[in-house]
Amino acid sequence: MGSGKTIIGKELASIFDLPLYDTDLMIEQLSHCSVVSYFKKFGEAKFRALETQVLYSLEEKNGIVVTGGGLPCHHQHIEWMKTKGKVVYLQTEVSLLYQRLNRNSEQKKRPLLCDLSPVELKIYIQETLKQREPFYLRADLVFQPLLHTTEDLARLLTPFAK
């Protein structure tokens with residue numbers, strides 16, 4: 001949810017010379033529509049089911065996986081992901097998330113944010129982060145991208161890269 005997962009994921013994939021798997025992009029390829037459209041058309045339950053299918057399809061793959069912000073919070077996904085590799089939480093302040101997500105183009109790409117006013121968006125970010133953070137904090141590594149570089153993160157992950 002605006003923490004920089006895609007950008008940092010691409011950088012890590014390049015550093016480690018590994019493929020990047022973005023679950024939202026994979027959902028769009030499978031469903032032939034945007035995540036926002038799929039979410040609106042079929043609802044959250046069907047979206048989460050497809051998200052689970054996509055996640056589990058990566059079980060035997062070696063690479064960098066970028067997920068949607070809600071994925072680790074459903075169906076014990078965080079625990080499953082930890083059995084398959086190292087899970088990193090990019091811990092980002094609410095004010096920065098708001099600044100990034102309040103850009104019209106970014107907000108419209110996200111199914112749970114696309115219809116929110118600026119005030120509703122800020123409240124949504126605060127409440128959602130409060131709900132999701134207990135799951136995120138189960139990650140193997142909590143990383144603050146504003147305090148460290150992607151290269152710092154890569155050094156921390158190097159012992160685990162294959």
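Reader: Why is His32 called exposed?

Author: In this predicted model, His32 has a relative accessible area of 73%. Exposed means over 50%, so His32 is called exposed at 73%. The residue lies in the loop between H2 and H3.

Reader: What makes the phi of His32 worth a remark?

Author: The phi of His32 is positive, at about 60 degrees, although His32 is not a glycine. Most residues other than glycine have a negative phi.

Reader: Where is Asp17 placed, and what is said of its phi?

Author: Asp17 sits in the loop between H1 and strand S1 (20–22). Its phi is near 55 degrees, a positive value in a residue other than glycine.

Reader: Why does Asp17 count as exposed?

Author: The relative accessibility of Asp17 is 69%. The limit for exposed is over 50%, and therefore Asp17 counts as exposed at 69%.

Reader: Why is Thr149 called partly exposed?

Author: Thr149 has 39% relative accessibility. Buried means under 20% and exposed means over 50%, with partly exposed in between; at 39%, Thr149 therefore counts as partly exposed. Thr149 is found in the loop between strand S4 (141–143) and H8. Its C-alpha atom is separated by 23 Å from that of Pro72, and the two residues are 77 apart along the chain.

Reader: Why is Glu28 described as partly exposed?

Author: Glu28 has a relative accessible area of 29%. Glu28 belongs to helix H2.

Reader: How do you know that the side chain of Glu28 makes a polar contact with the backbone of Val35?

Author: The side chain of Glu28 reaches the backbone nitrogen of Val35 at 3.1 Å. A polar contact requires N or O atoms within 3.5 Å, so the pair at 3.1 Å meets that distance limit. Not counting residues up to four places away in sequence, Glu28 touches Cys33, Ser34 and Val35. The C-alpha atoms of Glu28 and Tyr38, 10 residues apart along the chain, are 8.2 Å from each other.

Reader: What does Ser31 contact beyond its neighbours in sequence?

Author: With neighbours within four places in sequence left aside, Ser31 is in contact with Tyr38 and Leu50. Ser31 is found in helix H2 (residues 23–31). A polar atom of its side chain lies 2.8 Å from the backbone oxygen of Ile27.

Reader: Why does Arg48 count as buried?

Author: Arg48 has 7% relative accessibility. Buried means under 20%, so Arg48 counts as buried at 7%. This arginine is found in helix H3 (residues 35–56).

Reader: What makes the pair Arg48 and His74 a polar contact?

Author: The side chains of Arg48 and His74 are joined at 3.4 Å. The cut-off is within 3.5 Å, and therefore the 3.4 Å pair lies inside the limit. Leaving aside neighbours within four places in sequence, Arg48 is in contact with Gly70, Leu71, His74, His75, Leu112 and Arg132.

Reader: Why is His77 counted as buried?

Author: The relative accessibility of His77 is 0%. Buried means under 20%, so His77 counts as buried at 0%. His77 is found in helix H4. Its contacts, with neighbours within four places in sequence left aside, are Thr52, Leu55, Tyr56, Leu71 and Pro72.

Reader: Which residues have the most contacts inside the largest nonpolar core?

Author: They are Met1, Met81, Leu101, Leu121 and Ile125, in a core of 19 residues. Helix H4 (77–84), helix H5 (94–101) and helix H7 (118–136) each supply at least two residues of this core. H7 gives the most, with five residues. Another core, of 11 residues, lies apart from it and includes Ile8, Phe16, Leu18 and Ile64.

Reader: Which residues lie nearest the centre of the largest pocket?

Author: Ile64, Val65, Lys86, Val87 and Val88 lie nearest its centre, and 45 residues line the pocket. About 1100 Å³ of space lies in this largest pocket. H1 gives the most to the lining, with five residues. By class, the lining has 28 nonpolar, 10 polar and seven charged residues.

Technical notes. Residues are numbered from 1 along each chain as its sequence is written. This is a predicted model: local features need pLDDT of at least 70, side-chain atom pairs count only at pLDDT 80 or more; totals for chains, interfaces and linings use all residues. Side-chain values use heavy atoms; hydrogens and water are left out. Helices (H or I, at least four residues) and strands (E, at least two) are DSSP runs, numbered from the N terminus. A polar contact is a pair of N or O atoms within 3.5 Å; within protein, one must be able to donate a hydrogen and the other to accept it, and residues adjacent in sequence count only if both atoms are side-chain atoms. Contact means heavy atoms within 4.5 Å. A nonpolar core is a set of buried Ala, Val, Leu, Ile, Met, Phe, Trp, Tyr and Cys residues joined through side-chain atoms within 4.5 Å. Buried means under 20% relative accessible area, exposed over 50%, partly exposed in between (1.4 Å probe, protein chains only). On a 1 Å grid over the protein atoms alone, a cavity is a set of points where a 1.4 Å probe fits but cannot get out, and a pocket is an open set with protein on both sides within 12 Å along at least five of seven lines; lining residues have an atom within 4 Å of a point. Grid points are joined across faces, edges and corners, and a volume is the space filled by probe spheres set on the points. Ala, Val, Leu, Ile, Met, Phe, Trp, Tyr, Cys and Pro count as nonpolar, Asp, Glu, Lys and Arg as charged, and the others, Gly among them, as polar.
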